[in-house]
Amino acid sequence: MRKPAAAVVGLVCLGMLGAGGIAVAGAPMESHRPRAVVISNDGGVLASIPLAGDTFAVSYRNSIYGTVAEERYTVQEDGSYRLVQLAADQLAVLEEYYAVPGPPSAAGEGDRREWVADPDPGHPAEFGRLSLAATDLGLRTVYVSGAPPLELWKLVEDSDPFVVLSLKETP
């Protein structure tokens with residue numbers, strides 16, 4: 001069910017003032033143009049989270065294993081974003097579901113997940129826009145350093161849970 005717009009506005013405001021976040025390996029952007037992660041659907045923009053750096057993550061409950069996995073991205077100069085790390089609470093998600101080419105390792109202290117791995121370099125995943133199902137079952141959540149986690153399923157109607165995640169330059 002759609003949540004009140006005031007909640008979305010409150011989350012965005014908290015995102016600008018909040019603390020906490022993640023660290024993800026990756027090359028920094030060469031440009032310092034400010035950007036925001038924008039979540040939209042056919043009805044328009046649902047939320048916008050200013051990026052404090054050049055990384056963000058999207059977590060979800062894996063439908064096969066039932067545990068949380070996370071995809072971590074680095075923003076590219078052209079405004080696209082590239083998958084740079086996978087993380088999961090269960091080792092099998094990385095080894096079997098993602099079939100990472102190298103061995104996963106234990107996540108560092110303070111990481112949200114238990115295990116991390118590099119994605120397959122032979123199949124780079126780079127996006128300008130990414131369509132996601134933001135269902136109550138999947139629990140998709142966006143993490144941006146300096147902002148509170150944004151639970152995507154709370155922004156949409158159960159009957160139309162799809163959202164698009166993109167990056168936009170901000171003034």
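Modeller: Gladly! Strands here are DSSP runs of E with at least two residues, numbered from the N terminus, and two strands pair if DSSP finds at least two bridges between them. Do keep in mind that this is a predicted model.

Colleague: What makes S4 and S5 a pair?

Modeller: Seven bridges join S4 and S5 in the antiparallel sense, and pairing needs at least two, so they count as paired. One place to look is Thr74, which stands opposite Arg82 in S5. The two strands form a hairpin with five residues between them, where Gly79 has a positive phi near 95°.

Colleague: How many bridges join S3 to S4?

Modeller: Seven, and S3 and S4 run antiparallel. Arg61 has Val68 in S4 as its bridge partner. This is a hairpin too, with six residues between the strands, and Gly66 in the turn takes a positive phi of about 75°.

Colleague: What is the geometry of the pair of Tyr73 and Phe127?

Modeller: Edge-to-face again, at 6.2 Å centre to centre and 75° between the planes. This pair links distant parts of the chain, with Tyr73 in S4 and Phe127 in S8, 54 residues apart. Phe127 has a relative accessible area of 23%; that lies between the 20% and 50% limits, so Phe127 is called partly exposed. Ring pairs join Phe56, Tyr73, Tyr81 and Phe127 into a cluster, and the structure holds six aromatic pairs.

Colleague: What makes you say that the charged end of Arg112 sits over the ring of Tyr143?

Modeller: The charged end of Arg112 is 3.7 Å from the ring centre, and the limit is 6 Å, together with a position within 35 degrees of the ring normal. Arg140 likewise has its charged end over a ring, that of Tyr60, 4.9 Å from the centre.

Colleague: Which residues touch the most other members of the largest nonpolar core?

Modeller: Val37, Ile39, Phe56, Val142 and Leu152, in a core of 33 residues. Among the elements giving two or more residues to this core are S1, S3 and helix H2, while S5 gives the most, with four. Not counting residues up to four places away in sequence, Leu152 touches Ile39, Leu132, Ala134, Arg140, Val142 and Val163.

Colleague: Lastly, what is the strand order of the open sheet of four strands?

Modeller: The order is S2-S1-S12-S9, with antiparallel pairing. S2 and S9 each have a single partner strand, so they stand at the edges with one side left without a neighbour in the sheet. The twist averages 25° from one strand to the next. S9 and S12 pair over five bridges, and Arg129 stands opposite Ser166 in S12.

Technical notes: Residues are numbered from 1 along each chain as its sequence is written. This is a predicted model: local features need pLDDT of at least 70, side-chain atom pairs count only at pLDDT 80 or more; totals for chains, interfaces and linings use all residues. Side-chain values use heavy atoms; hydrogens and water are left out. Axes are lines fitted to C-alpha atoms, for helices over the stretch in contact, and angles run from 0 to 180 degrees between N-to-C directions. Rings of Phe, Tyr and Trp (its six-membered ring) pair if their centres lie within 6.5 Å; planes under 30 degrees apart count as stacked, over 60 as edge-to-face and the rest as tilted. Buried means under 20% relative accessible area, exposed over 50%, partly exposed in between (1.4 Å probe, protein chains only). A nonpolar core is a set of buried Ala, Val, Leu, Ile, Met, Phe, Trp, Tyr and Cys residues joined through side-chain atoms within 4.5 Å. Contact means heavy atoms within 4.5 Å.
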